[in-house]
Amino acid sequence: MERLVAEFARLPGIGRRTAERLAFHIVKSDSSEALRLAEAVQEVKRSVKHCSVCFNFTDDRLCSICADPRRDASTVMVVEQPRDLIAMEFTGMYRGVYHVLMGRLSPLEGIGPGDLTFAELARRIDDPGLNSRGEVVAELILALNPTLEGDGTGLYVASELKSRKVKITRLARGLATGSRLELANKAVLSDALEERREVQ
Ligand SMILES: [Zn+2]
């Protein structure tokens, strides 16, 4: 029981009290319900992979966005996490594809470019064969969180890639500093996308 509580308490947003409630619920529930939960956890770890092009979650080689012929593969939006991609998809406004960095640069936490999928992004621009449907990347939209680290990550990506023949834009500043993309509402995100500007 103590071990189960400890495991629940490790989950994001779950405090000790909630962890105890969840563990207690499992103890009371019949064994088939508990087993279904355990199997779902196991299955997701077994089957969910990263898209070989954009690093979005998928259970296939390509995610559903990269595999969709209606999406414009010449426009690539760079986000920190899959959950930022989900927030942008929710607006229904964006028709391009994505690149998920799987984090942001954080010198304090010792997270450098090598810990992100930055090299894969550079290769994707250099070699259209590595992009969805072999398209040349014409525009890169930086859609990082408006935080110190997100800004730093955007600056790094822009300066490292500016010698390439790719237009680099970033979301307009409709988003409050320190806020998070995944929590922004649909209208704010749509405006930020619509009014994006070129990074100098
Ligand atoms: Zn993908």
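Is Ser47 buried or exposed? Ser47 is exposed, because 10 other C-beta atoms lie within 10 Å of its own and a residue with 12 or fewer such neighbours is counted as exposed. If we compare Ser47 with Leu181, the two are 134 residues apart in sequence, and their C-alpha atoms are 27 Å apart in space.

Before I go further, please keep in mind that what we are looking at is a predicted model. The protein chain has an average pLDDT of 92, and 100% of the residues score at least 70. Within the protein chain, confidence is lowest in helix H7, residues 186-194, where the mean is 85, and it is highest in strand S4, at 98.

Now for the overall layout. The protein chain contains seven helices and seven strands, and along the sequence they follow the pattern α-α-α-β-β-β-α-β-α-β-α-β-α-β. The C-alpha trace spans about 60 × 35 × 35 Å along its principal axes, and of the 200 residues in the protein chain, 28% are buried. Among contacts between residues at least 6 apart in sequence, 56% join residues that are at least 24 apart. The chain is divided into domain 1, residues 2-47, and domain 2, residues 57-198, and the centres of these two domains, taken over C-alpha atoms, are separated by 33 Å.

Let me turn to the sheet. In what order do the five strands of the open sheet stand? The order is S4-S3-S5-S6-S7, and the pairing is mixed. Strand S4, residues 96-100, and strand S7, residues 197-198, are at the edges with a single partner strand each, so one side of each has no neighbour in the sheet. Even so, S4 is mostly covered, since five of its five residues are buried. S3 and S4 run parallel and are joined by five bridges, and Val79 stands opposite Val100 in S4. Elsewhere in the sheet, strand S5, residues 139-142, and strand S6, residues 167-170, also run parallel, joined by four bridges, and here Leu142 stands opposite Arg170 in S6.

Helix H6, residues 148-161, lies across S3, S5 and S6, and runs at about 160° to S5. In helix H5, residues 118-126, the buried residues are Phe118, Leu121 and Arg124. Why can we say that they line one face of the helix? Seen down the axis of H5, the buried residues fall within an arc of 120°, and therefore they line one face. As for what covers the buried residues of H5, the cover includes S3, S4 and H6.

Ile65 is placed in the loop between strand S2, residues 57-58, and strand S3, residues 72-79. Ile65 is buried, because 21 other C-beta atoms lie within 10 Å, where 20 or more is the cut-off. Leaving aside neighbours within four places in sequence, Ile65 is in contact with Asn56, Arg71, Val97 and Tyr98. Ile65 and Gly96 are 31 residues apart in sequence, while their C-alpha atoms are 8.7 Å apart in space.

Phe55, in the loop between strand S1, residues 49-50, and S2, has a phi near 75°, which is a positive value in a residue other than glycine. Phe55 counts as buried because it has 23 C-beta neighbours inside 10 Å. Arg133, in the loop between H5 and S5, has a phi near 50°, again a positive value in a residue other than glycine. Is Arg133 buried or partly exposed? With 15 other C-beta atoms within 10 Å, Arg133 is partly exposed, because that count lies between the cut-offs of 12 for exposed and 20 for buried.

Key. Residues numbered from 1 in each chain as written. Predicted model: local features only at pLDDT ≥ 70, side-chain atom pairs only at ≥ 80, totals over all residues. Helix = DSSP H or I, 4+ residues; strand = E, 2+ residues; numbered from the N terminus. Contact = placed C-beta atoms within 7 Å. Pairing = 2+ DSSP bridges. Axes fitted to C-alpha atoms, helices over the stretch in contact; angles between N-to-C directions. pLDDT = per-residue confidence, 0-100. Arc of directions from axis to C-beta. Domains from an automatic or database assignment.
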